[in-house]
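This briefing is meant to be read beside the sequence and the three-dimensional view shown below.

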Amino acid sequence: MSEPNPDSMPEAALFTDGACSGNPGPGGWAYILRRLPEGDEEVQYGGDPATTNNRMELMAVIEGIRALSQPTRLALYSDSQYVLKGLSEWMDGWKRRGWKRPRNQPVLNVELWKELDKAREIHDITTHWVRGHNDHPENERCDRLAVQARDEAARGG
């Protein structure tokens, strides 16, 4: 597949967060997808009764990207160093090593990382770290929705 041409792509901002009680335990994810420049928003959240925090952080990003209908120049905002470093620093090395971490350890959540790797072939994704629980409006909103989804998942909803 050819590299995405960012100059001809629509733009969007994706804000994500995940939450988990216990690790593993019930978890939730949430995203806000804002299409630019018009600012139209799509907000979604979901949960899993038995998961990990890292899986929920990844699912928030994956679900947000799945909502894109065409190749997009996407600015991803997350408080998860795991997600951001995975996308921007670690993934290419994992792929070169056959989806292994250093010392031949398997990559955790590899099926989710592979899905994000496919998304990188379609979309031009830039990553931006936001400090969690620091009054960032979209991060706080995603956090509340992820916690709501986690609580619903814990109750079997």
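In this predicted model, Leu 116 touches Leu 58, Val 61, Ile 62, Ile 65, Leu 87 and Met 91, leaving aside residues up to four places away in sequence. Leu 116 is also among the residues with the most contacts inside the largest nonpolar core, together with Ile 65, Leu 74, Leu 76 and Trp 113.

**Nonpolar cores**

- The largest nonpolar core holds 28 residues.
- Two or more residues of this core come from each of the following elements: strand S1 (11-20), strand S2 (25-36), helix H1 (53-66), strand S4 (73-78), helix H2 and helix H3 (110-122).
- H1 provides the largest share of the core, with 7 residues.
- A second, separate core has 8 residues, including Ala 13, Phe 15, Leu 145 and Ala 146.
- As background, nonpolar side chains in soluble globular proteins tend to be buried together.

**Helix H1**

- H1 is mostly covered, since 10 of its 14 residues are buried.
- The buried residues of H1 are Met 56, Glu 57, Leu 58, Met 59, Ala 60, Val 61, Ile 62, Glu 63, Gly 64 and Ile 65.
- At 1.5 Å a residue, the 14 residues of H1 should span 20 Å, and this agrees with its end C-alpha atoms, which are 20 Å apart.
- H1 lies across S1, S2, S3, S4 and S7, and it runs at about 155 degrees to S1.

**The sheet**

- An open sheet is formed by 5 strands in the order S3-S2-S1-S4-S7, with mixed pairing.
- Strand S3 (41-51) and strand S7 (124-129) stand at the edges; each has a single partner strand, so one side of each is left without a neighbour in the sheet.
- From one strand to the next, the twist averages 20 degrees.
- In general, the strands of a sheet pair through backbone hydrogen bonds, in either a parallel or an antiparallel manner.
- S1 and S2 pair in the antiparallel sense over 10 bridges.
- Ala 13 stands opposite Arg 34 in S2, and Ala 13 also belongs to the second core.

**Ser 78**

- Ser 78 touches Thr 16, Glu 57, Leu 84, His 128, Trp 129 and Val 130, not counting residues up to four places away in sequence.
- One of these contacts, Glu 57, is itself among the buried residues of H1.

**Aromatic rings**

- The structure contains 5 aromatic pairs.
- One of them joins Trp 29 and Tyr 31, which are stacked at 6.2 Å centre to centre, with 5 degrees between the planes. Both Trp 29 and Tyr 31 are buried.
- Trp 90 and Trp 94 form a tilted pair, at 5.9 Å centre to centre and with 45 degrees between the planes.
- Trp 90 and Trp 94 are separated by about one helical turn, because they are 4 residues apart in helix H2 (residues 81-96).
- Trp 90 is partly exposed, with a relative accessible area of 32%, whereas Trp 94 is buried, at 6%.
- Tyr 82, Trp 90, Trp 94 and Trp 113 are linked by ring pairs into a cluster. Trp 113 is also one of the residues with the most contacts inside the largest core.

Terms used. Residues are numbered from 1 along each chain as its sequence is written. This is a predicted model: local features need pLDDT of at least 70, side-chain atom pairs count only at pLDDT 80 or more; totals for chains, interfaces and linings use all residues. Side-chain values use heavy atoms; hydrogens and water are left out. Rings of Phe, Tyr and Trp (its six-membered ring) pair if their centres lie within 6.5 Å; planes under 30 degrees apart count as stacked, over 60 as edge-to-face and the rest as tilted. Buried means under 20% relative accessible area, exposed over 50%, partly exposed in between (1.4 Å probe, protein chains only). A nonpolar core is a set of buried Ala, Val, Leu, Ile, Met, Phe, Trp, Tyr and Cys residues joined through side-chain atoms within 4.5 Å. Contact means heavy atoms within 4.5 Å. The expected span of a helix is 1.5 Å times one less than its number of residues. Two strands pair if DSSP finds at least two bridges between them. Axes are lines fitted to C-alpha atoms, for helices over the stretch in contact, and angles run from 0 to 180 degrees between N-to-C directions.
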